[in-house]
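Please look over the sequence and the 3D structure below.

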Amino acid sequence: MSKPGNWVGAVRTFASDVTEGFLEIIHNSFALIGLAVAFAVVAFVAKPELRTQGEAQLRDWLQERHVAVVGYTPEPEAIERTTAANPKELPKEQAAVAYWISKKYKVAAEPIAAIVAEAFELGTQQRIDPTLILAIMAVESSFNPFAQSSVGAQGLMQVMTKVHTDKYENFGGNHAAFDPLSNLRVGVAILKDYIRITGSVEGALKYYVGAANLNSDGGYASKVMAEHRRLRQVAGTSTPTTSTRPALVAKRLITPEAAQATEAVAASNVHDDGTLARSSNL
């Protein structure tokens, strides 16, 4: 065979050897990977804590990658913290009230729907017309859950948080005053107590605004009752009326110190035009 022929044969032999060697390396590598995976599976099965740790590391890595892409940490559970509902899913009268409030007070219908639903549920439980509860919120805060008066009344129903600290203990502390539903529940509890003490809605409203020991509430009760009538019209006549009874105690059981504090708060709420500012439910 000529020299060129020998050269070509040598090249072919070399290429064949290289190819076989490369395939052998790949085969052995896959075998090693397979063994590693098998050992890992056995280890995860034998020790669940390793599997848990591995899953946690994988989740952390995936979350870091996601944060790097979108620019913030996702919180799928955030929806559970919202106070909102679909007004279309409410009973007819509640939906009508929610849409009416949303339009008049320029607030979103979804959070108002949740508040209306809660007011109707609480009203049924406590035998208080839910539209009265909503009327108080309208006059007190215009449905602003973060409202605060100059004397420290806070939230939707403008509860005096420092005075009613004990009531907020059931909701985790005073900061719950800014949770709409917690503030609503505390406010209704206070209102019910005042209705029981005075035996009338008007008397309870005078207490609620902090004018229990004053001759006049500055028109507060009239304003609430006017809004109450409008809301009741929107809802129809199906809403329950507030349960009252004649007051059994002629003299209010308020200590002189508490009376002075109540009068001071109410006085601080009186505008020059004689009307009371948003509430002080001492």
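Asp-193 and Arg-196 both sit in helix H7, three residues apart, which is about one turn of the helix. Helices here are DSSP runs of H or I with at least four residues, numbered from the N terminus. The two residues form a salt bridge, and their closest N and O atoms are 2.5 Å apart. A salt bridge means a side-chain nitrogen of Lys or Arg within 4 Å of a carboxyl oxygen of Asp or Glu.

Asp-193 is partly exposed, at 32% relative accessibility. Arg-196 is partly exposed too, with a relative accessible area of 45%. The cut-offs are these: buried is under 20% relative accessible area, exposed is over 50%, and partly exposed is in between (1.4 Å probe, protein chains only).

## About the model

This is a predicted model: local features need pLDDT of at least 70, side-chain atom pairs count only at pLDDT 80 or more, and totals for chains, interfaces and linings use all residues. Residues are numbered from 1 along each chain as its sequence is written, and side-chain values use heavy atoms, with hydrogens and water left out.

## Salt bridges across the chain

By the salt-bridge rule, the count comes to five. One of them joins Glu-118 to Arg-185, with the closest N and O atoms 2.7 Å apart. Glu-118 lies in helix H4 (residues 109-126) and Arg-185 in helix H7, so this pair ties together parts 67 residues apart in sequence. Glu-118 is buried, with a relative accessible area of 10%. Arg-185 is partly exposed, at 32%.

Arg-232 forms a salt bridge with Asp-129, and here the closest N and O atoms are 2.6 Å apart. The pair links distant parts of the chain: Arg-232 is in helix H9 (residues 220-235), Asp-129 is in the loop between H4 and H5, and they are 103 residues apart. Is Asp-129 buried or exposed? Asp-129 is buried, with a relative accessible area of 1%. Arg-232 is partly exposed, at 23%. Elsewhere, a network of salt bridges links Lys-104, Glu-227 and Arg-230.

## How H5 meets H7

Two packed helices are described by the angle between their axes and the distance between the axes. Axes are lines fitted to C-alpha atoms, for helices over the stretch in contact, and angles run from 0 to 180 degrees between N-to-C directions. Helix H5 (residues 130-141) and helix H7 (residues 180-198) pack at about 110°, with axes 11 Å apart. That makes H5 roughly perpendicular to H7. Angles of 65 to 115 degrees count as roughly perpendicular, under 35 as roughly parallel, over 145 as roughly antiparallel, and the rest as oblique.

Which residues of H5 and H7 make the contact? H5 supplies Leu-132, Ile-133, Ile-136 and Met-137, while H7 supplies Leu-184, Val-188 and Leu-191. Contact means heavy atoms within 4.5 Å. The contact residues divide into seven nonpolar, no polar and no charged. Ala, Val, Leu, Ile, Met, Phe, Trp, Tyr, Cys and Pro count as nonpolar, Asp, Glu, Lys and Arg as charged, and the others, Gly among them, as polar.

## A buried alanine

Ala-98 is found in helix H3 (residues 92-105). Ala-98 is buried, with a relative accessible area of 0%. Leaving out residues up to four places away in sequence, Ala-98 touches Leu-90, Ile-112, Ala-113 and Val-116. The C-alpha atoms of Ala-98 and Ala-108 are separated by 9.3 Å, and these residues are 10 apart along the chain.

Terms used:
Helix = DSSP H or I, 4+ residues; strand = E, 2+ residues; numbered from the N terminus.
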